[in-house]
Amino acid sequence: MPSAAPTHAGGALFRETAGGVVLGTEVHDRFAEIGWLEPGESMPGAEGGGDAVRLVADCLASPDVRRAIFTRPAGPCLLWCERRFEWIEEGRWVSGAFDRVVVRLGSDGAPVSASVHDFKTDQVDAAEAAARYAPQLEAYRRALAGILGIDPDRVSAGIVHVRSGTVVPIFNP
């Protein structure tokens with residue numbers, strides 16, 4: 001029987017099997033290696049095997065995921081992958097790791113808007129995963145806005161449900 005390890009996400013405690021945590025980490029590591037993908041471009045290192053590589057490759061086969069997450073937006077922007085952060089909000093310490101952030105920049109180089117997406121490998125449907133992680137994404141959205149010095153209404157947030165290849169918006173300004 002797999003051992004269970006507690007994990008913290010958005011103020012709620014969930015239990016995941018040790019194997020699920022390892023797989024999730026491997027999937028995140030693979031996604032972090034990908035910047036932008038051109039149409040028809042395959043995942044770097046896709047020839048390797050393993051469950052994580054297959055999950056990522058299958059997810060990238062989704063046109064919605066490729067377009068929404070891995071296609072470079074028009075105009076100047078910054079891309080952050082697996083960036084750890086610390087933030088204090090209303091006297092409460094918030095820490096985490098942004099899986100994928102796109103910061104859109106104005107003509108002066110200052111941030112004007114952003115999006116944060118979190119990769120989820122849970123073995124539940126996309127709607128259940130979205131409901132489960134909405135508090136985490138809301139906290140990440142507020143932290144990102146504070147870090148960038150922009151209004152939280154200028155930050156969108158969502159999950160990428162890796163198993164179904166679905167992008168699920170949590171907050172769309």
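Q: In this predicted model, buried means under 20% relative accessible area, exposed over 50%, and partly exposed in between. Which of these classes does Thr-71 fall in?
A: Thr-71 sits in the loop between H3 and strand S3 (77-89). Its relative accessible area is 38%. That value lies between the cut-offs of 20% and 50%, so Thr-71 is classed as partly exposed.

Q: How many of the residues lining the second largest pocket are charged?
A: The second largest pocket holds about 200 Å³ of space and is lined by 18 residues. Those nearest its centre are Ala-68, Ile-69, Arg-104, Ser-115 and His-117. Helix H3 (63-69) and strands S4 (92-105), S5 (111-120), S6 (155-161) and S7 (166-171) each supply at least two lining residues. The lining divides into 9 nonpolar and 6 polar residues, and the number of charged ones is 3.

Q: Which residue in S7 is the bridge partner of Ile-159?
A: S6 and S7 pair in the antiparallel sense over 5 bridges. Their hairpin has 4 residues between the strands, and Gly-165 there takes a positive phi near 65°. Across the pairing, the S7 partner of Ile-159 is Val-168.

Notes:
Residues are numbered from 1 along each chain as its sequence is written. This is a predicted model: local features need pLDDT of at least 70, side-chain atom pairs count only at pLDDT 80 or more; totals for chains, interfaces and linings use all residues. Side-chain values use heavy atoms; hydrogens and water are left out. On a 1 Å grid over the protein atoms alone, a cavity is a set of points where a 1.4 Å probe fits but cannot get out, and a pocket is an open set with protein on both sides within 12 Å along at least five of seven lines; lining residues have an atom within 4 Å of a point. Grid points are joined across faces, edges and corners, and a volume is the space filled by probe spheres set on the points. Ala, Val, Leu, Ile, Met, Phe, Trp, Tyr, Cys and Pro count as nonpolar, Asp, Glu, Lys and Arg as charged, and the others, Gly among them, as polar. Buried means under 20% relative accessible area, exposed over 50%, partly exposed in between (1.4 Å probe, protein chains only). Two strands pair if DSSP finds at least two bridges between them.
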